[in-house]
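Please read the points below with the model open beside them. They go through the helices one by one, then the contacts and a few single residues.

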Amino acid sequence: MEGANWMDIRSDRQKGLSYTEIARKYNIDPRTAKKYAESETRPVYRLSAAKPSKHT
């Protein structure tokens with residue numbers, strides 16, 4: 001999803017939907033729904049640095 005439904009999630013929360021109901025609607029974890037609903041800005045995703053291989 002990567003934040004595409006962030007505004008929809010915030011809107012649903014303001015309408016009174018629970019985090020569990022939002023999570024079911026968008027097929028995400030309730031903790032993620034809570035994080036999005038409480039976020040003032042759209043979540044920004046950054047890739048982490050590549051980790052070295054264990055087979056070196």
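**Notes on the helices and their packing**

1. Exposed means over 50% relative accessible area, buried under 20%, and partly exposed in between, with a 1.4 Å probe and protein chains only. Helices are DSSP runs of H or I with at least four residues, numbered from the N terminus.

2. Some ground rules apply to all points. This is a predicted model, in which local features need pLDDT of at least 70 and side-chain atom pairs count only at pLDDT 80 or more, while totals for chains, interfaces and linings use all residues. Residues are numbered from 1 along each chain as its sequence is written, and side-chain values use heavy atoms, with hydrogens and water left out.

3. Which residues of α2 are buried? They are Tyr19, Ile22, Ala23 and Tyr26. Seen down the axis of α2, these buried residues fall within an arc of 100°, so they line one face of the helix. The arc is taken from the directions that run from the helix axis to the C-beta atoms. An α-helix has 3.6 residues a turn, so residues three or four places apart point the same way. The buried residues of α2 pack against α1 and α3, where contact means heavy atoms within 4.5 Å.

4. Helix α1 covers residues 6–14, and its buried residues are Trp6, Ile9, Arg10 and Asp12. They cover an arc of only 160° around the axis, which puts them on the same side of α1. Met7 and Gln14 are exposed on the face of α1 turned away from that buried side. The partners against which the buried residues of α1 pack are α2 (19–26) and α3 (30–38). Just after α1, Gly16 has a positive phi of about 110°.

5. In α3, Ala33, Tyr36 and Ala37 are buried. Their arc around the axis is only 100°, which puts them on the same side of α3. Arg31 and Lys35 are exposed on the other side of α3. The cover over the buried residues of α3 includes α1 and α2.

6. How do α1 and α2 pack, in terms of angle and axes? The angle is about 145°, and the axes are 10 Å apart. Axes are lines fitted to C-alpha atoms, for helices over the stretch in contact, and angles run from 0 to 180 degrees between N-to-C directions. The crossing of α1 past α2 is right-handed; a crossing is left-handed if the near helix is turned anticlockwise from the far one by less than a right angle, and right-handed if clockwise. Asp8, Ile9, Asp12 and Arg13 in α1 meet Tyr19, Ile22, Lys25 and Tyr26 in α2.

7. Arg13 has its charged end over the ring of Tyr19, 3.9 Å from the ring centre. The rule asks for NZ of Lys or CZ of Arg within 6 Å of the ring centre and within 35 degrees of the ring normal. The count of aromatic pairs is zero. Rings of Phe, Tyr and Trp (its six-membered ring) pair if their centres lie within 6.5 Å; planes under 30 degrees apart count as stacked, over 60 as edge-to-face and the rest as tilted.

8. Asn27 deserves a look. This residue is in the loop between α2 and α3 and takes a positive phi of about 55° although it is not a glycine. With a relative accessible area of 71%, Asn27 is exposed.

9. Asp8 in α1 is partly exposed, at 39% relative accessibility. Its C-alpha atom and that of Lys35, 27 residues away along the chain, are separated by 13 Å. Thr32 lies in α3 and is partly exposed, at 25% relative accessible area. Thr32 and Met7 are 25 residues apart in sequence and 14 Å apart in space, C-alpha to C-alpha.

10. Two residues belong to the segment after α3: Arg42 and Lys54. Arg42 is partly exposed at 48% relative accessibility, whereas Lys54 is exposed at 81%. From C-alpha to C-alpha, Arg42 and Asn5 are 9.4 Å apart in space and 37 residues apart in sequence. Lys54 and Asp8 are 46 residues apart along the chain, with their C-alpha atoms separated by 42 Å.
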